[in-house]
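Please look over the sequence and the model below before reading on. The paragraphs that follow go through the chain step by step.

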Amino acid sequence: MIKFFRKIRQNLLMENKTGKYFKYAIGEIILVVIGILIALQINNWNNNRIEHKIETNILSEILVNLE
């Protein structure tokens, strides 16, 4: 996949199509940013899930101890 994008980038630069190259570069940057944002969202979701699990365990232990 990286080889594919490298060939596109080289072809655009060799043909002196700087406008298309800049569009390609901006598109690639946007894809990277979207990937990073998705990874952060998954990480936050996982942390919230773990915290909720710990909270549930603590509350159940408190309930058992009160009984």
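**Reading the predicted model**

M14 counts as exposed, at 68% relative accessibility, where buried means under 20% relative accessible area, exposed over 50%, and partly exposed in between (1.4 Å probe, protein chains only). The model is a predicted one, in which local features need pLDDT of at least 70 and side-chain atom pairs count only at pLDDT 80 or more, while totals for chains, interfaces and linings use all residues. Residues are numbered from 1 along each chain as its sequence is written, and side-chain values use heavy atoms, with hydrogens and water left out.

The protein has two helices and zero strands, both kinds of element being DSSP runs numbered from the N terminus (helices are H or I with at least four residues, strands are E with at least two). Its radius of gyration is 24 Å, well over the 11 Å that the globule rule gives for 67 residues, so the protein is more spread out than a compact globule; the radius is taken over C-alpha atoms, and the rule is 2.2 Å times the number of residues to the power 0.38. Along the principal axes, the C-alpha atoms fill a box of roughly 80 × 20 × 5 Å, and buried residues make up 4% of the 67 residues.

M14 lies in helix α1, which covers residues 2–14 and, with 13 residues, reaches 18 Å from its first C-alpha to its last, close to the 18 Å expected at 1.5 Å a residue (the expected span is 1.5 Å times one less than the number of residues). Just after α1, N16 takes a positive phi of about 55 degrees.

Helix α2 spans residues 18–66 and contains I42, as well as E55, which is partly exposed with a relative accessible area of 46%. Between the C-alpha atoms of E55 and G19, 36 residues apart along the chain, the separation is 54 Å, and M14 and E55, 41 residues apart in sequence, are 59 Å apart, C-alpha to C-alpha.

The UniProt record, an unreviewed entry, lists residues 21–42 as "transmembrane region", although such annotations may be inferred rather than shown by experiment. Over residues 21–42 the chain is 100% helix and 0% strand, with the end C-alpha atoms 32 Å apart.

I42 is exposed, with a relative accessible area of 51%, and I26, I30, I34, I38, I42 and W45 form a nonpolar surface patch with about 630 Å² of accessible area together. An α-helix has 3.6 residues a turn, so residues three or four places apart point the same way.

Key
Patches are made of residues with over 30% relative accessible area and no salt bridge: like charges are joined within 9 Å, nonpolar side chains (Val, Leu, Ile, Met, Phe, Trp, Tyr) within 5 Å. Accessible areas come from the Shrake-Rupley method with a 1.4 Å probe; for residues, only the protein chains shown count as cover. A salt bridge is a side-chain nitrogen of Lys or Arg within 4 Å of a carboxyl oxygen of Asp or Glu.
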